[in-house]
Amino acid sequence: MTNKDFLLNETGISNQYKNWFLDYASYVILERAVPALQDGLKPVQRRILHAMKEMDDGRFNKVANIIGQSMQYHPHGDVSIGEALVNLGQKDLLIETQGNWGDVRTGDDAAAARYIEARLSKFALEVAFNAKITDWQLSYDGRKNEPITLPMKFPLLLAQGAEGIAVGLATKILPHNFCEICQAAVKYLRGKKFELFPDFQTGGMIDVLNYNEGKRGSRVRVRSHIEEIDKKTLMVRDVPYGITTSQLIDSIIKANDQGKIRIRKVTDNTAAEVEIQVDLAQGISPDITIDALYAFTDCEISISPSACVINNQRPEFPSMPELLKNSVDLSKDLLKRELEIKLGELQEKWHFTSLEKIFFEEKIYKELEKKHETWEKVLVAIAKAFEPFRKQLKKDISREDVVKLTEKPVRGIYKLDIEELNAQIKLLEAEIKQVKYDLNNLVDFAVNYFEELLRKYGKGRERKTEIRPFEAIQAKQVAIANTKIYVNRSEGFIGTGLKKDEFVTEASDLDDIIAFTRGGTMKIVKVADKTFIGKDIIHVGIFQKNDERTTYNMIYVDGKTGISYAKRFNVTGVTREKEYDLTKSEKARVHYFSTNPNGEAELVRIILSPNCSARHKEFDFDFQTMEIKARASLGNQVTKYPIKSVKLKQAGKTTLNARNLWFDDTFGRLNTEEKGSFLGKFSAEDRLLVIYNDGNYEMTDQELTQRFDADKILLIEKFDPEKIVTAIYLDSEKAQYTIKRFRIETNSLHNKFFFIKEGEGNQLETVSTDDEPVLIMQSGRGAQIRKARIKTAKAVEVMGWKAVGVKLTEYTKSLTMEWDQKKKPGQPELFD
């Protein structure tokens, strides 16, 4: 054994090393990073609130003074106390602040502690403190008492949230809405089901599809609201939780530098509200850019909550409903303890007031005037004088009661004094009765308690974060083409680095590239500097997975038999970097190849070899006669004779059926997956008509990446130029409803046209494109209800789209309008 080994074993240092880490880890978990289940506070937060309660006189205190007071309880220095105090103040729940406390949206720091002030909020004083039911312990230096936990009568942890990293353990609890917590507490106490979802001070939107009650492994997606100001300008209206405006701007600039989005500049106009202006580059789609901002920047983030709390000196991992139930149960127990203490105090007060009444009313105080040998005998005599009245009392008379009575000032006793004591006793009896009732109906008492909290403190704490599902954004579909693809056809290479060779197309870093060779092979590869495909490349393009419309037309010769075949096929999904043989022949050679985005089938002229024995050396071949089959199919025989060349004779028309389109008003998106309302069958040239409630209409194409504000859309349908639009709008200036009928006369796409009278408060009420729309109007209430049916096609002439229209009826609040969906022949026509 070496001297070193001997020394280690003798002193036990090796054993100490084994224990020290566990001790340190336990300390960090229990005393620093993880909040307690009972009051939802970390130790530093609890000590700050306790210190502020000691200092509380209703006025604001300098934060520097609060930090100094807190250092009597917290042994980790002023910096950690100051940061925790600012964090509590910014949550705007337990602490009222004065001065510059920073901004969680912009990331601006608070002013120095000597310049800012704070005090406990009325809410904190009501729910967090009661010395009579608080358990105490000695502070770290043994000089003072501090609370083990505060008697918190509210699910604070849910309202404020918490985040901390310990040794081998972390907690991340998202904040929830104050009003919704109170409502959920009431539902739980009533035995009803409830739901809780996060709500952030920074606003934004949240998708809670995978929130899973906030359990470990759950996830939420949070987004900024992005508004399209015009076709060249976007405005970010808020920031996701945990992201500052500067971080968001940095992420936008980074995405632009990487070529994932294309913008001219980004400007931070944030003041009272968040405003980040994004100016788009020339020719860039705002809809695609909004999607790209969500896909590539911090405009959308994913948060994975992981609730961890300390309960009975051990970490636990509850769900949010479990956290609320535990907190509400604890609050109910604390309310019960407070009621029991109050009942004891009232009963004690009633007992002594009754003694005082008897003491004066029955003139027992005169025992003080009699001559007794000792003071003790005076007390005994007074106690004995109460014997006839014991039945009026609810407990025995103690020596302390008698001593306390003798300390009462004895002066002339008036009838008024006795009446006042009787009134006090009646009031105390009423209070005792109420407290006993509350104890026997504790659930109702707790319900009233939470409802009162909501009434007193709920104003201004309404939900700020909009709950809505998010559509899945495919990064490939919204990525801007930020690189160029080149091809060396003879040597068989494609890539971004072949800048001396032939340019083919622009692509994004996320795209897949599909390439075909003269030998009848196909390969799909990622965008790279240089990739080998195969010699004699005949086509290079961007590959879209699951694309069933792009059709490839091909004529090739079988190298073994000399027979030429034609085939039409789609490529929907393959393994990347794998070579696929489209001909099933080792020595095949492609004569003709075309790519058709909408399944077009062209007419080609085939010229045979002049030395062949065929009677006709030239003939036409129409791809329209062929069906689209699998890419591995052999194809149809074209000729057994050798082909000299194949030339395009006539461009083809699409052979695909018109595609069905749906509008999903949940996401404001067009789709082909049968989600939402069916819009109809659309050919390639068909367009959409969209009419908004602000009085604008817009013509648009079928591009699936478009975004629509579904809340503002009154009508979206396949455009028919022969249809007449019947629109009714409110003319606010004249306090009337105006009707107009017109045809869409404009042709430009993606431009909005305002077709109602301009004026503040004017808005489109309803619109129809039926051939003979019938409007049903109803006004009045109860027995005064009046109904009218109007055949608008007969009542109003067709006019220009810029026309103001004609008066329909006066404006009244009770008036409702709807289109008759069931037109019955012979039904009487009314016009009011």
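Contact here means heavy atoms within 4.5 Å. The model on screen is predicted.

**Stop 1: Thr 738**

Select strand E40, residues 736-743, and pick out Thr 738 within that strand. Is Thr 738 buried or exposed? Its relative accessibility is 2%, and buried means under 20%, so Thr 738 counts as buried. Now show the side chain of Gln 736: the side chain of Thr 738 makes a polar contact with it, at 3.3 Å.

**Stop 2: Asp 207**

Next, go to strand E8, residues 205-207, where Asp 207 is found. Asp 207 has 7% relative accessibility and therefore counts as buried. Display the backbone of Leu 209 as well: its nitrogen lies 3.0 Å from a polar atom of the Asp 207 side chain. Which residues does Asp 207 touch, not counting those up to four places away in sequence? They are Val 220 and Arg 221, together with Arg 468, Pro 469 and Phe 470.

**Stop 3: Leu 138**

Move to strand E4, residues 136-138, and select Leu 138. With a relative accessible area of 55%, Leu 138 is exposed, because the cut-off for exposed is over 50%. Not counting residues up to four places away in sequence, Leu 138 touches Lys 144, Asn 145 and Glu 146. The C-alpha atoms of Leu 138 and Ile 290 are separated by 57 Å, and the two residues are 152 residues apart along the chain.

**Stop 4: helices H3 and H4**

Select helix H3, residues 43-55, and helix H4, residues 63-70. Their axes come within 9 Å and cross at roughly 110°. H3 and H4 are therefore roughly perpendicular to each other. The crossing in which H3 passes H4 is right-handed. To see where these helices meet, show Arg 47, Ile 48, Ala 51, Met 52, Glu 54 and Met 55 on H3, and Asn 65, Ile 66, Gln 69 and Ser 70 on H4. Sorted by class, the contact of H3 with H4 has five nonpolar, three polar and two charged residues.

**Stop 5: helices H4 and H5**

H4 passes H5 in a right-handed crossing. On H4, the residues making the contact are Val 63, Ile 66, Ile 67 and Ser 70, while H5 contributes Asp 78, Ile 81, Gly 82 and Leu 85. The contact of H4 with H5 has five nonpolar, two polar and one charged residues.

**Stop 6: helices H11 and H15**

Finally, select helix H11, residues 320-361, and helix H15, residues 442-457. How do these two helices cross? Their axes come within 10 Å, at an angle of roughly 105°. H11 and H15 are therefore roughly perpendicular to each other. On H11, show Val 328, Ser 331, Lys 332, Leu 335, Lys 336 and Leu 339. These meet Leu 442, Val 443, Phe 445, Ala 446, Tyr 449 and Phe 450 of H15. The residues of the contact of H11 with H15 divide into nine nonpolar, one polar and two charged.

Key
Residues are numbered from 1 along each chain as its sequence is written. This is a predicted model: local features need pLDDT of at least 70, side-chain atom pairs count only at pLDDT 80 or more; totals for chains, interfaces and linings use all residues. Side-chain values use heavy atoms; hydrogens and water are left out. Axes are lines fitted to C-alpha atoms, for helices over the stretch in contact, and angles run from 0 to 180 degrees between N-to-C directions. Helices (H or I, at least four residues) and strands (E, at least two) are DSSP runs, numbered from the N terminus. Angles under 35 degrees count as roughly parallel, over 145 as roughly antiparallel, 65 to 115 as roughly perpendicular and the rest as oblique. A crossing is left-handed if the near helix is turned anticlockwise from the far one by less than a right angle, and right-handed if clockwise. Ala, Val, Leu, Ile, Met, Phe, Trp, Tyr, Cys and Pro count as nonpolar, Asp, Glu, Lys and Arg as charged, and the others, Gly among them, as polar. Buried means under 20% relative accessible area, exposed over 50%, partly exposed in between (1.4 Å probe, protein chains only). A polar contact is a pair of N or O atoms within 3.5 Å; within protein, one must be able to donate a hydrogen and the other to accept it, and residues adjacent in sequence count only if both atoms are side-chain atoms.
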